[in-house]
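Here is a briefing on one protein model. Keep the structure in view as you read.

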Amino acid sequence: MAEGLDILKRTEGLKERFAEVTTMISDPDVISDRARFEKLSREYKDLEAIVVTTDRYRSLLDQLQENRELLSSEKDEDMVGFIKEEISSIEDEIPRLEEEIKLLLVPKDPEDSKNTIIEIRGGTGGDEAALFAGDLYKMYVRYCESRGWRCTTTSMSEGTLGGFKEIVFTVEGEGVYGTLKYESGVHRVQRVPQTETQGRVHTSAATVAVLPEADEFEVDIKESDIRIDLFCSSGAGGQSVNTTYSAVRLVHIPTGIVVQSQDERSQLKNKAKAMTELRTRIYNLEHQKYLDEIASKRKTMVSTGDRSAKIRTYNYPQGRVTDHRINLTLYQLGDIIGGNIQPLIDALTVAENAERLKSAEL
């Protein structure tokens, strides 16, 4: 009971704050202030989860107390047995809710609810690396489709034999970054390449970068700091997709960041896509400092600035996938490369949450 009282004490005042935020987000003045509305909406969602879970927890504590009092005065054997079953069920549920509330009270990454921009680059391994980058792209698209998320390609550079030297795409949906952020890092593949005539297994790699998408109000970019280049979109083999200068390349002069979009036939749409990616990459420079700060304080499953960090290996001869951050090996390569990466994400989330709880010293 002592821990129960401690948890309830920690959540004191949150219900009142939840009521305040509920009122504020319906205020026309708040709604017209996009930055403030977005911030309060995120706070509302976080507080709602805590309030609902705490109410359930408090109700179970009350039920437990009532059942114990009933048990001490009940004479009927059937009722005694029923009450004992109820008490046992509640006593099993309470510790689970306690852990859930503790985790909800740990400050979340404020970026978790955002959409994301994903960049996949073929690394060491030449043509085979490009083919593997293509496999990873298909894996993520299938996973996102299974979650009902929307994927939109921004730019790509195709490999000689297929796949991609580089591909950049956005993913829109509920809690996208919070789910996919664990995918940042170097992915290795061990298999016999299509170009290998003697059946030897080669190791190739591709780099995945998952960036939280920045909103317009979060990054202020001056027009004078951007150089805009226009060019014709090109498809496979360098053939022109159209004869108009619809593709857009943006160069941010202060940082040297270069982005481009050529997927749309409209120059305006390509510019809008490129601007979103540019904002995100500039915003990510600060977000990376946040990740580095976390990494300096505790172990984290989310890769920091070191993009050379090897996070996962896909071994085709043995049909296994190994995530090196949590030493997890699954012999489900076909399912995983086919888009079912949820078992990996679930295991990484559990490990990350355990580290968050440990660092919070709750």
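This is a predicted model: local features need pLDDT of at least 70, side-chain atom pairs count only at pLDDT 80 or more; totals for chains, interfaces and linings use all residues.

**Strands and a helix pair**

Start with β7, the strand of residues 247–252. It pairs with β8 in the antiparallel sense, over 5 bridges.

**The open sheet**

- Strands of a sheet pair through backbone hydrogen bonds, and the pairing is either parallel or antiparallel.
- Here, 3 strands form an open sheet, and the pairing is antiparallel.
- The strand order is β6-β7-β8.
- β6 (226–231) and β8 (257–261) are the edge strands. Each of these two pairs on one side only.
- On average, neighbouring strands of this sheet are turned by 15° against each other, direction ignored.
- Which residue of β8 faces L250? V259 stands opposite L250.
- In a regular strand the side chains alternate between the two faces of the sheet.

- Strand β3 covers residues 164–172, and strand β1 covers residues 116–122. The two run antiparallel and are joined by 6 bridges.
- One place to look is E119, whose bridge partner in β3 is V168.
- Strand β2 (residues 150–158) is also antiparallel to β3, with 8 bridges between them.
- On this side of β3, F169 stands opposite T153.
- β2 and β3 form a hairpin with 5 residues between the strands. In that hairpin, G162 takes a positive phi near 120°.

**Helices α4 and α5**

- Two packed helices are described by the angle between their axes and the distance between the axes.
- Helix α4 spans residues 34–73, and helix α5 spans residues 77–105. They pack at an angle of about 155°. Their axes are 9 Å apart.
- Why is α4 called roughly antiparallel to α5? The angle of about 155° makes it so, because angles over 145 degrees count as roughly antiparallel.
- The crossing of α4 and α5 is left-handed.
- What kinds of residues make up the contact of α4 with α5? There are 17 nonpolar, 4 polar and 8 charged residues.

**A closer look at α4**

- α4 has 40 residues. From its first C-alpha to its last it reaches 59 Å. That is close to the 58 Å expected at 1.5 Å a residue.
- Which residues of α4 are buried? They are L40, L47, I50, V51, T53, T54, Y57, L60, L61, L64 and N67.

Methods
Residues are numbered from 1 along each chain as its sequence is written. Side-chain values use heavy atoms; hydrogens and water are left out. Two strands pair if DSSP finds at least two bridges between them. Helices (H or I, at least four residues) and strands (E, at least two) are DSSP runs, numbered from the N terminus. Axes are lines fitted to C-alpha atoms, for helices over the stretch in contact, and angles run from 0 to 180 degrees between N-to-C directions. Angles under 35 degrees count as roughly parallel, over 145 as roughly antiparallel, 65 to 115 as roughly perpendicular and the rest as oblique. A crossing is left-handed if the near helix is turned anticlockwise from the far one by less than a right angle, and right-handed if clockwise. Ala, Val, Leu, Ile, Met, Phe, Trp, Tyr, Cys and Pro count as nonpolar, Asp, Glu, Lys and Arg as charged, and the others, Gly among them, as polar. The expected span of a helix is 1.5 Å times one less than its number of residues. Buried means under 20% relative accessible area, exposed over 50%, partly exposed in between (1.4 Å probe, protein chains only).
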